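Morning, everyone. Please look at the screen while I talk.

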Amino acid sequence: MLYEFFWLVVPMAWLAAWLTTRACCHPASRLYFLDHPNERSLHSQPIPRTGGVGVMAGSLVGVGLTAASGWLPINVLLAFGGAAVLALLGLFDDRYTLPARLRFLVQMLVAGSFLYEADFSLGWVMGALLLVSLVWLVNLYNFMDGSDGLAGGMALFGFSSYAAAAFIGERFGLALASAAVAAGAAGFLLFNFHPARIFMGDVGSVPLGFLAGALGLVGWGGGAWPLWFPLLVFAPFVLDATVTLLRRAMSGEKVWHAHHSHYYQRMVRMGLGHRGTALLAYVLMLGTGGSAVLILPVGFSLQCITLTIWAIVFLAAGVWVDRRWRCFEAAKS
(Lines give C-alpha, C1' and ligand atoms only; values in the text may rest on other atoms or scores of the structure.)
Protein backbone atom coordinates (compact mmCIF):
# COMPACT_ATOMS: atom_id res chain seq x y z
CA MET A 1 0.00 0.00 0.00
CA LEU A 2 2.83 2.44 0.83
CA TYR A 3 4.52 1.90 -2.52
CA GLU A 4 1.23 2.50 -4.30
CA PHE A 5 0.84 5.87 -2.59
CA PHE A 6 4.49 6.74 -3.30
CA TRP A 7 3.96 6.18 -7.02
CA LEU A 8 0.84 8.34 -6.80
CA VAL A 9 2.17 11.15 -4.59
CA VAL A 10 5.45 11.85 -6.39
CA PRO A 11 4.16 12.03 -10.01
CA MET A 12 1.09 14.06 -9.00
CA ALA A 13 3.19 16.51 -6.98
CA TRP A 14 5.60 16.90 -9.91
CA LEU A 15 2.78 17.37 -12.42
CA ALA A 16 1.00 19.97 -10.27
CA ALA A 17 4.27 21.91 -9.85
CA TRP A 18 5.10 21.72 -13.55
CA LEU A 19 1.66 22.84 -14.71
CA THR A 20 1.43 25.68 -12.17
CA THR A 21 4.95 26.96 -12.85
CA ARG A 22 4.33 26.83 -16.59
CA ALA A 23 1.17 28.90 -16.12
CA CYS A 24 3.03 31.46 -13.99
CA CYS A 25 5.57 31.94 -16.80
CA HIS A 26 2.86 33.28 -19.12
CA PRO A 27 2.51 37.10 -19.25
CA ALA A 28 -1.29 36.76 -19.23
CA SER A 29 -1.23 35.03 -15.83
CA ARG A 30 -2.45 36.97 -12.81
CA LEU A 31 0.62 35.61 -11.02
CA TYR A 32 3.05 37.13 -13.50
CA PHE A 33 4.95 39.38 -11.05
CA LEU A 34 8.24 40.63 -12.48
CA ASP A 35 11.52 40.71 -10.57
CA HIS A 36 13.38 43.83 -11.67
CA PRO A 37 17.21 43.77 -11.30
CA ASN A 38 18.73 45.51 -8.27
CA GLU A 39 22.12 45.67 -6.53
CA ARG A 40 21.73 42.11 -5.24
CA SER A 41 20.62 40.62 -8.56
CA LEU A 42 22.67 38.45 -10.87
CA HIS A 43 20.27 38.93 -13.78
CA SER A 44 19.92 41.92 -16.09
CA GLN A 45 16.37 41.51 -17.42
CA PRO A 46 13.00 41.47 -15.61
CA ILE A 47 11.88 37.88 -14.96
CA PRO A 48 8.69 36.61 -13.26
CA ARG A 49 9.24 35.63 -9.62
CA THR A 50 6.28 33.47 -8.70
CA GLY A 51 7.72 30.05 -9.51
CA GLY A 52 7.41 29.19 -5.83
CA VAL A 53 3.66 28.98 -6.37
CA GLY A 54 4.38 25.89 -8.44
CA VAL A 55 6.65 24.37 -5.79
CA MET A 56 4.03 24.89 -3.10
CA ALA A 57 1.19 23.68 -5.32
CA GLY A 58 3.02 20.43 -5.97
CA SER A 59 3.99 20.04 -2.33
CA LEU A 60 0.45 20.62 -1.06
CA VAL A 61 -1.06 18.26 -3.64
CA GLY A 62 1.37 15.56 -2.49
CA VAL A 63 0.64 16.24 1.18
CA GLY A 64 -3.10 16.16 0.50
CA LEU A 65 -2.76 12.74 -1.10
CA THR A 66 -0.62 11.58 1.83
CA ALA A 67 -3.26 12.78 4.28
CA ALA A 68 -5.88 10.86 2.32
CA SER A 69 -3.76 7.73 2.69
CA GLY A 70 -3.86 8.01 6.49
CA TRP A 71 -0.04 8.10 6.77
CA LEU A 72 0.32 11.80 7.63
CA PRO A 73 1.34 12.60 11.26
CA ILE A 74 -0.18 15.67 12.88
CA ASN A 75 3.20 17.40 13.27
CA VAL A 76 3.85 17.12 9.52
CA LEU A 77 0.41 18.60 8.88
CA LEU A 78 1.23 21.47 11.26
CA ALA A 79 4.49 22.10 9.40
CA PHE A 80 2.71 22.39 6.06
CA GLY A 81 0.02 24.57 7.59
CA GLY A 82 2.71 27.01 8.70
CA ALA A 83 4.37 26.79 5.27
CA ALA A 84 1.06 27.65 3.58
CA VAL A 85 0.70 30.79 5.72
CA LEU A 86 4.27 31.84 4.88
CA ALA A 87 3.66 31.14 1.19
CA LEU A 88 0.70 33.55 1.23
CA LEU A 89 2.84 36.11 3.04
CA GLY A 90 5.58 35.66 0.44
CA LEU A 91 3.11 36.01 -2.43
CA PHE A 92 1.88 39.35 -1.09
CA ASP A 93 5.48 40.43 -0.55
CA ASP A 94 6.37 39.51 -4.14
CA ARG A 95 3.47 41.62 -5.34
CA TYR A 96 3.40 44.58 -2.95
CA THR A 97 6.78 44.53 -1.06
CA LEU A 98 5.62 44.27 2.55
CA PRO A 99 7.51 45.96 5.42
CA ALA A 100 10.36 43.86 6.82
CA ARG A 101 8.99 44.18 10.37
CA LEU A 102 5.64 42.73 9.35
CA ARG A 103 7.30 39.80 7.57
CA PHE A 104 9.52 39.10 10.56
CA LEU A 105 6.58 39.27 12.99
CA VAL A 106 4.54 36.77 10.96
CA GLN A 107 7.55 34.46 10.67
CA MET A 108 8.04 34.54 14.44
CA LEU A 109 4.35 33.83 15.06
CA VAL A 110 4.26 30.93 12.59
CA ALA A 111 7.48 29.39 13.92
CA GLY A 112 6.43 29.86 17.55
CA SER A 113 2.98 28.41 16.91
CA PHE A 114 4.48 25.37 15.21
CA LEU A 115 6.89 24.69 18.09
CA TYR A 116 4.11 25.11 20.62
CA GLU A 117 1.51 22.98 18.81
CA ALA A 118 4.00 20.27 17.83
CA ASP A 119 4.73 19.77 21.55
CA PHE A 120 8.39 18.72 21.43
CA SER A 121 8.53 18.93 25.25
CA LEU A 122 11.23 21.61 25.17
CA GLY A 123 12.49 23.79 27.96
CA TRP A 124 12.44 27.56 27.57
CA VAL A 125 16.10 27.79 26.60
CA MET A 126 15.94 25.01 24.00
CA GLY A 127 12.63 26.32 22.72
CA ALA A 128 14.06 29.82 22.27
CA LEU A 129 17.11 28.45 20.45
CA LEU A 130 14.96 26.42 18.08
CA LEU A 131 12.66 29.39 17.48
CA VAL A 132 15.61 31.58 16.48
CA SER A 133 17.06 28.77 14.35
CA LEU A 134 13.75 28.17 12.57
CA VAL A 135 13.28 31.85 11.75
CA TRP A 136 16.90 32.03 10.57
CA LEU A 137 16.32 29.07 8.23
CA VAL A 138 13.27 30.85 6.82
CA ASN A 139 15.36 33.89 5.96
CA LEU A 140 18.61 32.23 4.91
CA TYR A 141 16.77 30.19 2.27
CA ASN A 142 15.39 33.46 0.95
CA PHE A 143 18.90 34.98 0.92
CA MET A 144 20.26 32.00 -1.03
CA ASP A 145 17.58 32.24 -3.72
CA GLY A 146 19.58 34.41 -6.08
CA SER A 147 21.03 32.23 -8.82
CA ASP A 148 19.37 30.05 -11.46
CA GLY A 149 18.64 26.55 -10.22
CA LEU A 150 20.22 27.00 -6.79
CA ALA A 151 17.30 27.13 -4.35
CA GLY A 152 15.26 24.63 -6.35
CA GLY A 153 18.20 22.23 -6.43
CA MET A 154 18.69 22.51 -2.66
CA ALA A 155 15.03 21.64 -2.18
CA LEU A 156 15.30 18.67 -4.54
CA PHE A 157 18.40 17.18 -2.89
CA GLY A 158 17.57 18.25 0.67
CA PHE A 159 14.02 16.95 0.87
CA SER A 160 14.98 13.81 -1.07
CA SER A 161 17.48 13.13 1.72
CA TYR A 162 14.74 13.69 4.29
CA ALA A 163 12.49 11.26 2.39
CA ALA A 164 15.19 8.58 2.19
CA ALA A 165 16.10 8.84 5.89
CA ALA A 166 12.45 8.88 6.98
CA PHE A 167 11.69 5.85 4.83
CA ILE A 168 14.64 3.93 6.30
CA GLY A 169 13.43 4.90 9.77
CA GLU A 170 9.88 3.75 8.89
CA ARG A 171 8.42 7.25 9.31
CA PHE A 172 6.39 6.80 6.16
CA GLY A 173 4.18 9.89 6.42
CA LEU A 174 7.23 12.11 6.83
CA ALA A 175 8.89 10.28 3.92
CA LEU A 176 5.93 10.83 1.58
CA ALA A 177 5.57 14.50 2.55
CA SER A 178 9.29 15.13 2.02
CA ALA A 179 9.18 13.33 -1.32
CA ALA A 180 6.27 15.57 -2.34
CA VAL A 181 8.34 18.70 -1.69
CA ALA A 182 11.26 17.26 -3.64
CA ALA A 183 8.95 16.41 -6.55
CA GLY A 184 7.48 19.91 -6.48
CA ALA A 185 10.99 21.37 -6.64
CA ALA A 186 11.83 19.09 -9.58
CA GLY A 187 8.80 20.31 -11.54
CA PHE A 188 9.80 23.93 -10.91
CA LEU A 189 13.47 23.35 -11.77
CA LEU A 190 12.62 22.59 -15.39
CA PHE A 191 11.77 26.29 -15.76
CA ASN A 192 14.39 27.66 -13.36
CA PHE A 193 17.63 26.02 -14.46
CA HIS A 194 19.83 28.40 -16.44
CA PRO A 195 18.69 30.27 -18.42
CA ALA A 196 15.79 30.68 -16.00
CA ARG A 197 12.35 31.50 -17.34
CA ILE A 198 11.03 32.16 -13.83
CA PHE A 199 12.38 32.69 -10.31
CA MET A 200 11.15 31.10 -7.09
CA GLY A 201 10.38 34.33 -5.23
CA ASP A 202 9.49 34.72 -1.57
CA VAL A 203 6.34 32.66 -2.13
CA GLY A 204 8.61 29.63 -2.53
CA SER A 205 11.88 30.36 -0.72
CA VAL A 206 10.33 31.44 2.60
CA PRO A 207 8.08 28.36 3.11
CA LEU A 208 10.83 26.03 1.86
CA GLY A 209 13.20 27.40 4.48
CA PHE A 210 10.52 26.87 7.10
CA LEU A 211 9.85 23.31 5.93
CA ALA A 212 13.57 22.51 5.96
CA GLY A 213 13.63 23.40 9.64
CA ALA A 214 10.16 22.21 10.67
CA LEU A 215 10.36 18.78 9.01
CA GLY A 216 13.91 18.46 10.34
CA LEU A 217 12.51 18.96 13.85
CA VAL A 218 9.62 16.55 13.19
CA GLY A 219 12.12 13.87 12.18
CA TRP A 220 14.26 14.63 15.24
CA GLY A 221 11.28 14.61 17.60
CA GLY A 222 10.02 11.36 16.07
CA GLY A 223 13.36 9.60 16.39
CA ALA A 224 14.06 9.39 12.65
CA TRP A 225 17.39 11.24 12.93
CA PRO A 226 19.55 13.27 15.35
CA LEU A 227 19.59 17.07 15.35
CA TRP A 228 22.79 17.30 13.29
CA PHE A 229 21.12 15.53 10.34
CA PRO A 230 19.09 18.45 8.89
CA LEU A 231 22.05 20.79 9.45
CA LEU A 232 24.36 18.55 7.40
CA VAL A 233 21.73 17.99 4.70
CA PHE A 234 21.27 21.74 4.18
CA ALA A 235 24.87 22.67 5.01
CA PRO A 236 25.62 24.34 1.63
CA PHE A 237 22.90 26.91 2.33
CA VAL A 238 23.30 27.15 6.10
CA LEU A 239 27.05 27.80 5.97
CA ASP A 240 27.05 30.23 3.04
CA ALA A 241 24.29 32.40 4.49
CA THR A 242 25.51 32.25 8.10
CA VAL A 243 29.17 33.00 7.36
CA THR A 244 28.21 35.82 4.99
CA LEU A 245 25.89 37.39 7.58
CA LEU A 246 28.49 37.20 10.34
CA ARG A 247 31.21 38.69 8.14
CA ARG A 248 28.98 41.57 7.08
CA ALA A 249 27.95 42.20 10.68
CA MET A 250 31.58 42.21 11.84
CA SER A 251 32.41 44.69 9.05
CA GLY A 252 29.72 47.06 10.29
CA GLU A 253 27.49 46.63 7.24
CA LYS A 254 23.71 46.81 7.45
CA VAL A 255 22.96 43.11 7.17
CA TRP A 256 19.32 43.64 6.17
CA HIS A 257 20.28 45.54 3.01
CA ALA A 258 20.55 43.82 -0.37
CA HIS A 259 24.07 42.76 -1.37
CA HIS A 260 26.02 40.37 -3.60
CA SER A 261 28.69 39.01 -1.25
CA HIS A 262 27.41 35.44 -0.80
CA TYR A 263 29.86 32.79 -1.90
CA TYR A 264 27.54 31.60 -4.65
CA GLN A 265 27.19 35.18 -5.93
CA ARG A 266 30.96 35.58 -6.03
CA MET A 267 31.34 32.33 -7.95
CA VAL A 268 28.82 33.44 -10.56
CA ARG A 269 30.50 36.82 -10.98
CA MET A 270 34.01 35.34 -11.16
CA GLY A 271 33.13 33.48 -14.34
CA LEU A 272 31.67 30.16 -13.21
CA GLY A 273 28.24 31.40 -14.25
CA HIS A 274 24.79 30.31 -13.15
CA ARG A 275 25.02 26.87 -14.71
CA GLY A 276 28.49 26.06 -13.37
CA THR A 277 27.67 27.38 -9.91
CA ALA A 278 24.46 25.34 -9.77
CA LEU A 279 26.19 22.14 -10.91
CA LEU A 280 29.00 22.56 -8.38
CA ALA A 281 26.42 23.24 -5.68
CA TYR A 282 24.53 20.10 -6.70
CA VAL A 283 27.68 18.05 -6.12
CA LEU A 284 27.95 19.50 -2.60
CA MET A 285 24.22 19.00 -1.95
CA LEU A 286 24.34 15.40 -3.11
CA GLY A 287 27.44 14.83 -0.99
CA THR A 288 26.09 16.31 2.23
CA GLY A 289 22.62 14.81 1.85
CA GLY A 290 23.84 11.39 0.73
CA SER A 291 26.51 11.11 3.42
CA ALA A 292 24.04 12.27 6.09
CA VAL A 293 21.71 9.41 5.16
CA LEU A 294 24.54 6.86 4.92
CA ILE A 295 26.03 7.59 8.36
CA LEU A 296 22.74 7.51 10.25
CA PRO A 297 23.08 3.80 11.19
CA VAL A 298 26.82 3.94 12.02
CA GLY A 299 28.38 4.67 15.39
CA PHE A 300 28.77 8.11 16.93
CA SER A 301 32.55 8.15 16.33
CA LEU A 302 32.16 7.65 12.57
CA GLN A 303 29.46 10.30 12.49
CA CYS A 304 31.80 12.77 14.21
CA ILE A 305 34.58 11.92 11.74
CA THR A 306 32.25 12.51 8.78
CA LEU A 307 31.04 15.82 10.18
CA THR A 308 34.66 16.88 10.76
CA ILE A 309 35.61 15.99 7.18
CA TRP A 310 32.74 18.05 5.83
CA ALA A 311 33.74 20.98 8.06
CA ILE A 312 37.25 20.83 6.57
CA VAL A 313 35.86 20.61 3.02
CA PHE A 314 33.68 23.69 3.49
CA LEU A 315 36.46 25.59 5.23
CA ALA A 316 38.87 24.83 2.37
CA ALA A 317 36.24 25.78 -0.22
CA GLY A 318 35.55 29.07 1.56
CA VAL A 319 39.24 29.96 1.73
CA TRP A 320 39.67 29.13 -1.97
CA VAL A 321 36.72 31.32 -3.01
CA ASP A 322 37.94 34.17 -0.80
CA ARG A 323 41.40 34.08 -2.39
CA ARG A 324 40.04 33.91 -5.91
CA TRP A 325 37.67 36.79 -5.11
CA ARG A 326 40.51 39.00 -3.87
CA CYS A 327 42.44 38.31 -7.07
CA PHE A 328 39.32 39.03 -9.13
CA GLU A 329 38.73 42.36 -7.36
CA ALA A 330 42.40 43.33 -7.71
CA ALA A 331 42.31 42.57 -11.43
CA LYS A 332 39.20 44.71 -11.87
CA SER A 333 40.71 47.70 -10.08
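This is a predicted model: local features need pLDDT of at least 70, side-chain atom pairs count only at pLDDT 80 or more; totals for chains, interfaces and linings use all residues.

Residues are numbered from 1 along each chain as its sequence is written, and side-chain values use heavy atoms, with hydrogens and water left out.

Start with helix α4, residues 100-118. Helices here are DSSP runs of H or I, at least four residues, numbered from the N terminus. Helix α4 has 19 residues and reaches 27 Å from first C-alpha to last. That is close to the expected 27 Å, where the expected span is 1.5 Å times one less than the number of residues.

Which residues of α4 are buried? Val106, Gln107, Val110, Ala111, Phe114, Leu115 and Ala118. They sit on the same side of α4, because they cover an arc of only 160 degrees around the axis. The arc is taken from the directions from the helix axis to the C-beta atoms. Buried means under 20% relative accessible area, and exposed means over 50%, with a 1.4 Å probe and protein chains only.

On the other side of α4, Arg101, Leu109 and Tyr116 are exposed. What covers the buried side? The cover includes α3 (74-96), α5 (124-143) and α8 (202-221). Just after α4, Asp119 has a positive phi of about 55 degrees.

Now the cysteines. The whole structure has zero disulfides, meaning pairs of cysteine sulfur atoms within 2.5 Å. For Cys24, the nearest cysteine sulfur is that of Cys25, 7.2 Å away. Cys24 counts as buried at 2% relative accessibility. Cys25 is also buried, at 11%.

Technical notes:
Helices (H or I, at least four residues) and strands (E, at least two) are DSSP runs, numbered from the N terminus. Contact means heavy atoms within 4.5 Å.
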